[in-house]
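We will take a short walk from a pair of helices to a group of rings.

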Amino acid sequence: MTTTPATADYWEPLWAGGRRYREVSRPEATLLAEHVGPGRGRPALDIGTGDGALAHHLHELGYRTTGIDFSPSAITAAARQTRSHQHGEGPTWHLMDFAADDVNTLPNRAYAVVTCRLVYRWMDDKPAFLDRVRKVLAPGGTFWVVTELAGRREDSDPCKHLGITVAEAETLTAGWSVVRTADLDVLRCYALRP
């Protein structure tokens, strides 16, 4: 059960106050590259991009990446990372609430890769969120999800509640023709294909 709202009103003050979250590790970046392959200029969409770390990895793999987030401060942080690391070249950033806004306003009709890192857990209506992902994922594309799993942290860990339940994982993986997973400590990475 979600205890933290998936709203900009909750997340914006955290991003604006300088809060940052788990960095993309080298093993995670390697798994991403193995499961999505080279971009060759194809479009990729990073939902809930935060400071843009995963979007930058997709860009480095050769994807034409768009990062979206509903927090203006997160988008500002992502754009700042682009300027400091790639001299203004890199992913593009859009302020958008993927769960609520019109997906037809996205720069592309379909994406070869759609990513969702540490975001799926916060979606109140997971089936509706997944329907929206399927709407923007190109045929043969990959939906890459990184999320915590329930029960992977010690009982005394204050972040123990962050993991998705077995039922939420089943909702995530239902209806895909290909489901591949890989575990990284408390995280599970999913490569899902239609």
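Angles between axes under 35 degrees count as roughly parallel, over 145 as roughly antiparallel, 65 to 115 as roughly perpendicular and the rest as oblique. This is a predicted model, in which local features need pLDDT of at least 70, side-chain atom pairs count only at pLDDT 80 or more, and totals for chains, interfaces and linings use all residues. Residues are numbered from 1 along each chain as its sequence is written, and side-chain values use heavy atoms, with hydrogens and water left out.

Select α5 (residues 126-136) and α6 (residues 166-173). Helices here are DSSP runs of H or I with at least four residues, strands are runs of E with at least two, and both are numbered from the N terminus. The two axes come within 10 Å and cross at roughly 25 degrees; α5 and α6 are therefore roughly parallel to each other. Axes are lines fitted to C-alpha atoms, for helices over the stretch in contact, with angles from 0 to 180 degrees between N-to-C directions.

Next, show side chains: Lys126, Pro127 and Leu130 of α5 meet Glu168, Thr171 and Leu172 of α6 (contact means heavy atoms within 4.5 Å).

Now pick Phe98 and Phe129, whose rings pair edge-to-face at 5.6 Å centre to centre, with 80 degrees between the planes. Rings of Phe, Tyr and Trp (its six-membered ring) pair if their centres lie within 6.5 Å; planes under 30 degrees apart are stacked, over 60 edge-to-face and the rest tilted. Phe98 lies in the loop between β3 (92-95) and β4 (111-117), 31 residues from Phe129 in α5.
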